[in-house]
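Work through the following exercises with the sequence and the model at hand. Each task is followed by a solution in steps.

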Amino acid sequence: MRPLFFFFFVLSLCCRLSSAKEIVLKEQPYNDSPWPLNEVKFVVEKDALSAFAIFIAFEYQQYYVPDLLKGEVVKDEGPGSIVVSYELKTPFFLPNATYQTDHRLWRTESGEFRASWKMIESNSMKESFGSVVFIPLGDSRSQVIYESFVWPDSAFAALAKPIAKSSLLDTMEAIKKCI
């Protein structure tokens with residue numbers, strides 16, 4: 001009981017509104033996919049290492065990322081390489097999305113912290129990959145550049161594009177608030 005209480009106490013301290021500027025989204029067409037490749041940029045009020053550590057706490061993302069039911073490290077492949085299993089809530093008429101991603105984590109020589117991921121398997125996507133970089137700004141703040149691509153495995157994917165965009169922005173806002 002105590003570890004759970006401590007986690008929620010720390011999370012409540014972390015999940016505060018940031019005084020950073022707005023979230024900027026840039027979309028680019030990708031191959032013949034109905035959904036674009038997304039790049040999202042924002043600033044967080046944390047140093048790069050702390051922000052990165054919060055971001056890669058995969059088991060705790062379910063407490064602040066909208067519609068994420070589970071994030072679980074299922075395989076540790078050595079330093080900087082892990083496999084994460086996710087379950088995402090979907091609209092009531094669809095089964096929940098389940099997928100696994102292979103993550104690579106590292107620190108660059110310039111002091112940036114990076115993660116990249118690629119889908120291994122999924123019940124709802126043809127392809128998915130992404131990356132995030134936390135760039136120190138020198139004043140206990142960090143620039144976050146998040147890139148992601150999802151190619152849904154659905155004939156109705158184009159119709160869901162506005163919902164996916166809204167969901168991405170909600171997720172980025174939740175991450176920004178909690179970091």
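Buried means under 20% relative accessible area, exposed over 50%, and partly exposed in between (1.4 Å probe, protein chains only). This is a predicted model, in which local features need pLDDT of at least 70, side-chain atom pairs count only at pLDDT 80 or more, and totals for chains, interfaces and linings use all residues. Residues are numbered from 1 along each chain as its sequence is written, and side-chain values use heavy atoms, with hydrogens and water left out.

**Exercise 1.** Classify the ring pair of Tyr30 and Phe149.

Step 1. Rings of Phe, Tyr and Trp (its six-membered ring) pair if their centres lie within 6.5 Å; planes under 30 degrees apart are stacked, over 60 edge-to-face, the rest tilted.
Step 2. The centres of Tyr30 and Phe149 are 4.3 Å apart and the planes stand at 50 degrees, so the pair is tilted.
Step 3. Phe149 is buried, at 0% relative accessible area, whereas Tyr30 is partly exposed at 22%.

**Exercise 2.** Describe the salt bridge of Glu77 and Arg104.

Step 1. A salt bridge needs a side-chain nitrogen of Lys or Arg within 4 Å of a carboxyl oxygen of Asp or Glu.
Step 2. For Glu77 and Arg104 the N to O distance is 3.6 Å.
Step 3. Glu77 is partly exposed, with 38% relative accessibility, and Arg104 is partly exposed with 34%.

**Exercise 3.** Is Glu112 buried or exposed?

Step 1. Glu112 has 17% relative accessibility and therefore counts as buried.
Step 2. Its salt-bridge partner is Arg114, at 2.9 Å, N to O.
Step 3. Arg114 is partly exposed, at 30%.
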